[in-house]
Structures are given as C-alpha cells and as structure tokens.
There are 2 protein chains.
Amino acid sequence: MAVTIEDVAQEAQVSIATVSRVINGSKAVSPKLQKRVQGVIEKTNFKPNTFARGLTTNKSNIIGIVVADISNWVIASLIKGINHVCQERGYTLLVCESGGEKENELRLLQHLEEQRVCGALLTAVDITPELVQRIFELPYPMVLATQEATDGKHKITTVIHDNVKAITDAVNFLVANGHRRIAFIGGPENDYSSGRKRLEGFMHAAELFELEVPENYIVHGNFTFESGRDCMRKIYEENVELPTAILACSDLMAIGAMSFARNSGLRVPDDISFMGFDDSDLAMYFHPSLSTIRISYFDEGEQAAKNLFHLIDAGIKTTGEITYIPHQVIRRASVRRL
Amino acid sequence: MAVTIEDVAQEAQVSIATVSRVINGSKAVSPKLQKRVQGVIEKTNFKPNTFARGLTTNKSNIIGIVVADISNWVIASLIKGINHVCQERGYTLLVCESGGEKENELRLLQHLEEQRVCGALLTAVDITPELVQRIFELPYPMVLATQEATDGKHKITTVIHDNVKAITDAVNFLVANGHRRIAFIGGPENDYSSGRKRLEGFMHAAELFELEVPENYIVHGNFTFESGRDCMRKIYEENVELPTAILACSDLMAIGAMSFARNSGLRVPDDISFMGFDDSDLAMYFHPSLSTIRISYFDEGEQAAKNLFHLIDAGIKTTGEITYIPHQVIRRASVRRL
DNA sequence: TCTTATCAGGAAAGCCTTTTCAGAAAGAGG
DNA sequence: CCTCTTTCTGAAAAGGCTTTCCTGATAAGA
C-alpha cells in the first residue's frame, strides 16, 4: 500500500540503512548516493511511517497542551503563540480541553502520556498541591503558563505575567491621573492564582500610594460581563461616596461595569473612569474605548513553548524557573484626568 | 523503562496475546483471566505503546484540523465544537495553523498524512480547484467547514451555514422593520467563498423585496473593524441620500461602521440602523447592542466532526454531501423600527 | 609497497503491539 | 468411554524504522 523505506532502498539500489541515514541527515553517506536516494524519495513520495519511527526512537515530535476553554480569547492567543514556536521546530501541537475540571486535567495529562508527547503545557484554573504532585510523576517535561503553582515544595517551570506589578502599574496610572478613590473588581473570592495575585497587587498599590480603600470598594466577580455589571451595581448601591475610578480584572468585567454605570446615569469618563485588564478586542472597539493593561498572551505562549523546548533539549523535566512576560499600560478614552 | 505488555503478561502468568485481548475487550477470554489481567494492568499502570499499536493497526485515533488563525473567535469556536465530538469518541485533535497561506495549507495537509491521521477538517480561506484536486489525492477522509469548495467536478463533504439564506433573512428582518434603503458592507471583492455568497444573498434579497440598491450602497471590507469604518465613510461620503440601515458581513465591521456613524454625528439607531453577522461577544456587549445573525460555529464544528466520523466509520473518503447549520436573527438595540 | 587510519554502506537486532493459526482443554452427545 | 464441538490460550509472524556493529574499500603515511 504505502511506500516503505524498503521500496525506496530497492529502487535506489541501496540498503534501507542508507535510506534511513539520508532521511535523518546523517553525514556518513556520500553526496552522490545521498542525491540518488533523495531523488527516489521524492519520486516515490515516500513518507516515513511515524509509528515505526516512534517505536524505535520513542519520540513523537508532538507536544500537548491542556487548557480549560479553547474558545476563550486569552487561551486562543496563547495557543497561537505556542503553535508558532512548535511549527518552527517541526513539532505538532495536540490540543486538549478540560472544561476547567480537575479530574479532566489529570486525565488529559495522562492521555498525553499515552500519546508519548515530548512535553506539555498546562493552563489550569487552579493548580493544587495535589496536581503539582501528579505533574511530577509524569514522564515528560511540563511548563505552566498563565498560572503559577502555589505549592511551596516543588517548583515547576512557569511562564507568567507579573500580575502584582501589572495591577500596581494600573493603579499608578490612575493615581497619576489624579484618582484617589479607586474601586477594584477582582476575580472569584476563592481564586488561588491570577485573581488572588491581582487583588494582592491592588492592596499593595493602595498601600504604596496611601489610598484609602473602604471595604465596599473591593468586590469579586468571575471575569464575565454580567459579573462586572453586578459588581458595579454593588459598588453603586453600597457606597455613599462613589469612587472616581474603577479598576477591573478583565476587560469584559470593566465593560459590564461601564454598562451599568451608563444605565445608572453616570457619564464615562466624565463622572467615573474605568480601566480593564488584558487588552482584548473589546477594549479598543468599545465606546468609550477602554484603558487597560495589555498582556500579550501570544508572547506568553511563545515564551512558554521556548522554555518547554529548553527542557526537552536538555532532557530534564523542570528547572523551576519562572519567566515574566512584560505588560503595558494602554491609555484610552475611559480614563479621565482629574 | 516503561512497562510493556510483556511485563504484564509475565506478572499475570499469561501470554501477551491474552493481555492484548483484555486491553482491546475481545470476548474470547474467560472472566477469571480477564479479571486477573485487568488487575495487573492497573497495578503496574500499564499504558499500551501508541506507536507499536499504530504500527500494527495503522490507525492513529488522531484527527487533524487546518485553520488559518487559531485566535480568531470563529475558528476557536469551531475547534471547540470539533474537539467536543472528538473527546466523546476517544480521538485526539491535532491543530495546524496555516496563516491563510495556500502553500501552508497544502503542506500541513501533507504533514497530517505523515502523522497518519484518521481524517481531517479544513477551513481554508479560498478553496481553489487545484486545492480540491490535491485533497482528493490525500489518503484520509476530509470534511470542509465554514467554506465550500467551488470546483464543479469534485464534491467534498462540507458543513456550512447557508450564507445566502442568512443574509436574505437579515434583509427580511430589516424590511419587516420598515427599512427600504439598505446598504451592504461585504467581504473582499475577490472573495470566492462566504463573502461572495453573502453578497449573492443580498442581491437575491434585494430582488425578492424589490429594494432599490444604488451602486454606492455596496462596499467591500475585509472583516476588520477598520475596514468597517472605512466602508461606512465611503457610504457616508458618496451618497446624497443615506441608507436607513447598514447590513455588514461581520459584527466587527458593523461596529466599525457604527463608530464612524457616531463620530459623524449620526445617532444609532435613531438616524441609522445597523446589523452585523456572527453574533460574537462584541454584538451583545456593545452599546448600543448589535442586531445580528447568530451563527453557532460550535454547532458547525460538532456537525463537521460528526460527518467526518461517518466517513471514517464507513471507510470512505467523501460523500460530497453538504450539511447546513441553521442560523437565527437576533434583534437588539441597533435596529430601529421605522 | 605495506601498514594503518578513515569512512561508506550493509546486515541484522530491536522497538511493542495485534492478529492469525493452531493446539489444548472442556463440555456435549452418542 | 470416545468423538465432536466449542471455548480458551499461546506461539509466532508482521508491521517499518533506527541504530549498532561490521566489513570492505579507499586514502594517507612510512
């Protein structure tokens, strides 16, 4: 059926060993033969059988990625970055979607083991110590992206943006524009990774700039438009003195909050300023356009993939190193100078 | 290193054949043995080697997908749908990004051949007769999604939404709301697939509803925000009598156009109505919210994957069948009743 | 010219599973 | 008790490639 290495060898009047050497670019074959064999390979359209190859080399040239939701813009950008590096290196990307469920994440990680991937990337919602433990039992190297593991003992190679610093920069930006009363729309209260870090950043910045932060200025959403709207309602209803600026942990929540504000008769940015996080499409195209922190998830994906290949090349499973991806404050119409 | 079938056989005091039968659920093994072997498999955490397995069965249980841009919302949703079906069937999804370049598409399709995928899905920008020809030479079954092939001779199994009907319905909706002067922001002029179909739909609807469509009412964008804005400028500047409604081929273009209109002092929807296409996040969250045609790309992906599995199960490469995914008109604030 | 070093290319082992074929055990019928 | 099925299990081949170990040849040095 399919043409095998043997067919090529026969056609080219050489042994299969020689053909194999030509395929894999071994130098121990004379230019003359090399050319002849190459010619036959192309003529016969020979494609080495991945299975046979994998069986002997025990390498798949596949790297896997486990994510919660492919259709999420952040994840999709990340994957794009990862894929970019993979293509350059001749690797193939195998995508698994967990739906954010822990059992699934674990199952998929093991599935990747069965597939004999050379390495994997993980973007879990919440990396528990137990999961970290399991990750260490896997036979392939792994890089975390977007989230860091909170387990103290083990260190996994991680690529992440500096959430604390990003939020601090955002607050700094607002303060520099004359804002002192700033409310914060964060992630879920029991969030253990980026949401927590961002809140941490906010508290840190508040202290740094000596801002007064009433309890009611901090509310928890879940990154959706609706939750942003609800958070804004809460801020609006529970505070006699409204903040002059709202800093949300995602563009979508910022926009939800903005919508509520507008519907309540507040003008943006005249009465109240808004700031988001991520710099998604929405931020730029919304009206008024949204000031935000730009995070390049594409870059993050690229970097994560590069780090993974470092591990693969070095034949080690982790370095425990954490790489930070820079962020950028983007000024747009939604923030007014006081 | 890794535990093999032989280790299991030895541990369980049976032959490797028996172990293999247990793994693959062959019934020709007594319950007693079955149980014993199963126990050993679990105890030793044995995972059959994918390569060895593939070598004998010549099946990878992998299906591939080639897309132009992973981070595009439409594509990401499509992939999510595909992935959903694949997971159910125990297949793995291998994602390739072509960047929309024809050579890449072809290269990746061949790469998938090397990977011995059981089938593939393709979402090309422009499926030329040449590409169709090449597709037929591939050894695995293929399903087209989002786009249909225009080649007359060959038929490839395709899953698509009915662009002509969708646009007709959109026009119908506008007409039902009293609009008679409708401008159309389409895709690129030399677009051979969905853009063309949508324009076709518009012309068809115009005839159906006996609308007068001046030449300047039809402009060509490229699906981006900026092009939508530019198209609106063109419509605004080149027509003495402005349309009462704008129908754009994508939400993003509609929003771009809306932005221009607003900046030109037009009120939406009081002075002019807007309608988009896709029902992306933007449409719902934008202000004013955008009436649009909802296309479920997730469903489209699911259906495409299902059709692909039909082909795989039947052992055929194509049926030439075209499946249409239903769409839905979504009324939102951007369209006013005249 | 003879010896030694170098190198190109071939033979064959090994990777791990599935599957066919055949044989053994067990059960049924005479 | 013997023969004929039926059921179960094992031995062995096949699948295509990489890689190690050799052999034979060529080039270099004495």
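What follows is a chat about confidence, the DNA surfaces, the sheets and a few helices.

Colleague: What kind of model is this, and what has to reach pLDDT of at least 70?

Modeller: This is a predicted model, where local features need pLDDT of at least 70, side-chain atom pairs count only at pLDDT 80 or more, and totals for chains, interfaces and linings use all residues. Residues are numbered from 1 along each chain as its sequence is written, while chains are lettered from A and ligands numbered from 1 in the order in which they are written.

Colleague: And what is the mean pLDDT of chain A?

Modeller: Chain A has a mean pLDDT of 92, with 99% of its residues at 70 or more. By pLDDT I mean the predictor's confidence in each residue, from 0 to 100.

Colleague: Where in chain A is confidence lowest?

Modeller: In helix H7 (residues 129–137) of chain A, with a mean of 86; the highest is strand S9 (residues 273–275) of chain A, at 98. Helices (H or I, at least four residues) and strands (E, at least two) are DSSP runs, numbered from the N terminus.

Colleague: On to the DNA. How many residues surround DNA strand D?

Modeller: 28, and the closest are A:Thr4, A:Ile5, A:Ser20, A:Ala52 and B:Ser15. A residue is near a strand if its C-beta atom, placed from the backbone, lies within 6 Å of it.

Colleague: Which elements give two or more residues to that surface?

Modeller: From chain A, helix H1 (5–12), helix H2 (16–23) and helix H4 (50–57); from chain B, helix H2 (16–23) and helix H4 (50–57). By class, the residues near DNA strand D divide into 15 nonpolar, ten polar and three charged. Ala, Val, Leu, Ile, Met, Phe, Trp, Tyr, Cys and Pro count as nonpolar, Asp, Glu, Lys and Arg as charged, and the others, Gly among them, as polar.

Colleague: Which residues come nearest to DNA strand C?

Modeller: A:Ser15, A:Ala17, B:Ile5, B:Ser20 and B:Ala52, out of 28 around DNA strand C. At least two residues each come from H2 and H4 of chain A, and from helix H1 (5–12), H2 and H4 of chain B. The surface near DNA strand C has 15 nonpolar, ten polar and three charged residues.

Colleague: B:Arg21, where is that found?

Modeller: In helix H2 of chain B. B:Arg21 counts as partly exposed because 18 C-beta neighbours lie inside 10 Å. The rule is that a residue is buried if 20 or more other C-beta atoms lie within 10 Å of its own, exposed if 12 or fewer, and partly exposed in between, with C-beta atoms placed from the backbone.

Colleague: Now the sheets. In what order do the twelve strands run?

Modeller: They form an open sheet with mixed pairing, in the order S11(A)-S5(A)-S4(A)-S3(A)-S1(A)-S2(A)-S2(B)-S1(B)-S3(B)-S4(B)-S5(B)-S11(B). Strand S11 (322–325) of chain A and strand S11 (322–325) of chain B stand at the edges with a single partner strand each, so one side of each is left without a neighbour in the sheet. Two strands pair if DSSP finds at least two bridges between them.

Colleague: How many bridges join S2 of chain A to S2 of chain B?

Modeller: Three, between strands that cover residues 92–97 in each chain and run antiparallel. A:Leu93 has B:Val95 as its bridge partner in S2(B).

Colleague: And strand S3 of chain A, what covers its faces?

Modeller: I can tell you that both faces of S3(A) (residues 119–122) are covered: A:Gly119 and A:Leu121 on one side, A:Ala120 and A:Leu122 on the other, are all buried. Strand S1 (residues 62–67) of chain A pairs with S3(A) in the parallel sense over four bridges, and A:Val66 stands opposite A:Leu122. Three bridges join S3(A) to strand S4 (residues 142–145) of chain A, also parallel, with A:Leu121 opposite A:Val143.

Colleague: Last one, helix H11 of chain B: how many of its residues are buried?

Modeller: Ten of the 13, so to speak mostly covered. Among them are B:Leu252, B:Met253 and B:Ile255. Just after H11(B), B:Gly265 takes a positive phi of about 90°.
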